[in-house]
Amino acid sequence: MAATTSLLSSFFMHMGAAKPSANFLSIQPLDNLKLGSFGGLESSKKSKLLHKCDGFLCRVAQVERAPSFSVGQKFQLDDVIEAQQFDRDTLSAIFEVARNMEDIERSQILKGYLMATLFYEPSTRTRLSFESAMKRLGGEVLTTENAREFSSAAKGETLEDTIRTVEGYSDIIVMRHFESGAAKRAAVTAGIPVINAGDGPGEHPTQALLDVYTIEREIGKLDGIKVGLVGDLANGRTVRSLAYLLAKYKDVKIYFVSPEVVKMKDDIKYYLTSKGVEWEESGDLMEVASKCDVVYQTRIQKERFGERFDLYEAARGKYIVNQDVLNVMQEHAVVMHPLPRLDEITVDVDGDPRAAYFRQAKNGLYIRMALLKVLLLGW
């Protein structure tokens, strides 16, 4: 507690504000928050963004209990672009906000804010969960469901020009793109927060956040777990981002189970090794499932194979989670999937309490509510 108070004092002195009282900051159900303000936030994106907030630069909560995480510049988020940008403390802080979001049916804390969703690839869960999150917090949504075909991109407009235009209409941009690295380009261009909702075969950081949040909620811990990543590991951006986040935790072991043509790429393996994370490639799903706390299944992504239908057919259907797999899994273990699924998890698995993928999808709403709150209003 003394360390937390010291950090808070240092933070407010740096910002030029008065020293807070001991019960100043915490995370509570947001409908009950009383909002105050302080100035001096040195963030180009925040300063451009928060001028709309009734004249004050940042909002903070008057509360009754101390936070379980420290508050300082390390927690400032301008964008959500890749999983590597988060450390353990920041993850814990986001998860605490998300847990409070679970209690919120409707709020008006983002009233007056507009979120633009630019989706250049198809999406159901990600787009709708972001839009639901924004509306549940009182904000409004501007949306393009298929920006690749039904936007000026079809006329040859550059991504940078699109971002410069859209930021003039909105306060935050959520973007899915078919090119790896597109989210970074958008974030460099924009003067408002950008959230990467998936960039080709690159990353999907908000999916990884909800995945880790789900693992913690289902298993009860993140240190010392064994996770089997199954399916299309070469093209699956979700497994790449999840591997990056799992590397933040202690004594984690990751198993890679995939057809030969879609094995996990070397850059992830090198990263895990550099962080001291044990990993192993296996062709035996049954053996891996018997050892793991989490079996994370993914679909073989047909859209990433281009004209090589022969390779797709060779990979499809090789690893399927069914009742036989459930029979060897431990009682506390769970099956997860980023969805959509095809035939890689049989429907009879759905009724097993270890099938966590629909609970996982619901958790995406709370994580995205938390991110919108933090990016637009601060902690």
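## Overview

Of the 379 residues in the protein, 56% are buried, where buried means under 20% relative accessible area, exposed over 50% and partly exposed in between (1.4 Å probe, protein chains only). This is a predicted model, in which local features need pLDDT of at least 70 and side-chain atom pairs count only at pLDDT 80 or more, while totals for chains, interfaces and linings use all residues. Residues are numbered from 1 along each chain as its sequence is written, and side-chain values use heavy atoms, with hydrogens and water left out.

The protein has 13 helices and eleven strands; these are DSSP runs numbered from the N terminus (helices H or I, at least four residues; strands E, at least two). If we take contacts between residues at least 6 apart in sequence, 74% of them join residues at least 24 apart, a contact being heavy atoms within 4.5 Å.

## The five-stranded sheet

Let's turn to the strands. An open sheet is built from five of them, in the order β9-β8-β7-β10-β11, with parallel pairing; two strands pair if DSSP finds at least two bridges between them. At the edges are β9 (278-282) and β11 (334-336), each pairing on one side only. From one strand to the next, the twist averages 20°. Strands β7 (residues 226-230) and β10 (residues 294-297) pair in the parallel sense over four bridges, and Val227 stands opposite Val294 in β10.

Helix α7 (residues 205-219) packs on this sheet, where α7 touches β10 and β11 and its direction makes about 165° with that of β11. Angles run from 0 to 180 degrees between N-to-C directions, and axes are lines fitted to C-alpha atoms, for helices over the stretch in contact. Helix α9 (residues 266-274) lies across β8 (253-257) and β9, running at about 145° to β9.

## A β-α-β unit

Strand β3 (residues 114-119) runs parallel to strand β4 (residues 140-144), and five bridges join the two. Leu114 has Glu140 as its bridge partner in β4. Together with helix α4 (residues 125-136), β3 and β4 make a right-handed β-α-β unit; right-handed here means that, with the strands pointing away from the viewer, the path from the first strand over the helix to the second runs clockwise.

## Nonpolar cores

A nonpolar core is a set of buried Ala, Val, Leu, Ile, Met, Phe, Trp, Tyr and Cys residues joined through side-chain atoms within 4.5 Å. The largest one has 71 residues, and Phe95, Leu110, Leu229 and Ile367 have the most contacts inside it. Helix α13 supplies the largest share of this core, eleven residues. A second, separate core of 19 residues includes Val230, Ala289, Val325 and Ala355.

Leaving aside neighbours within four places in sequence, Phe95 is in contact with residues including Leu209, Val212, Tyr213 and Ile367.

## Two buried polar residues

Gln360 is found in helix α13 (residues 357-377) and is buried, with a relative accessible area of 1%. A polar atom of the Gln360 side chain lies 2.9 Å from the backbone nitrogen of His337. Gln360 and Pro338 are 22 residues apart in sequence, yet 7.8 Å apart in space, C-alpha to C-alpha.

Arg240 has its place in helix α8 (residues 237-246) and is buried as well, with a relative accessible area of 10%. Its side chain makes a polar contact with the side chain of Asp267 (2.6 Å). A polar contact is a pair of N or O atoms within 3.5 Å; within protein, one must be able to donate a hydrogen and the other to accept it, and residues adjacent in sequence count only if both atoms are side-chain atoms.
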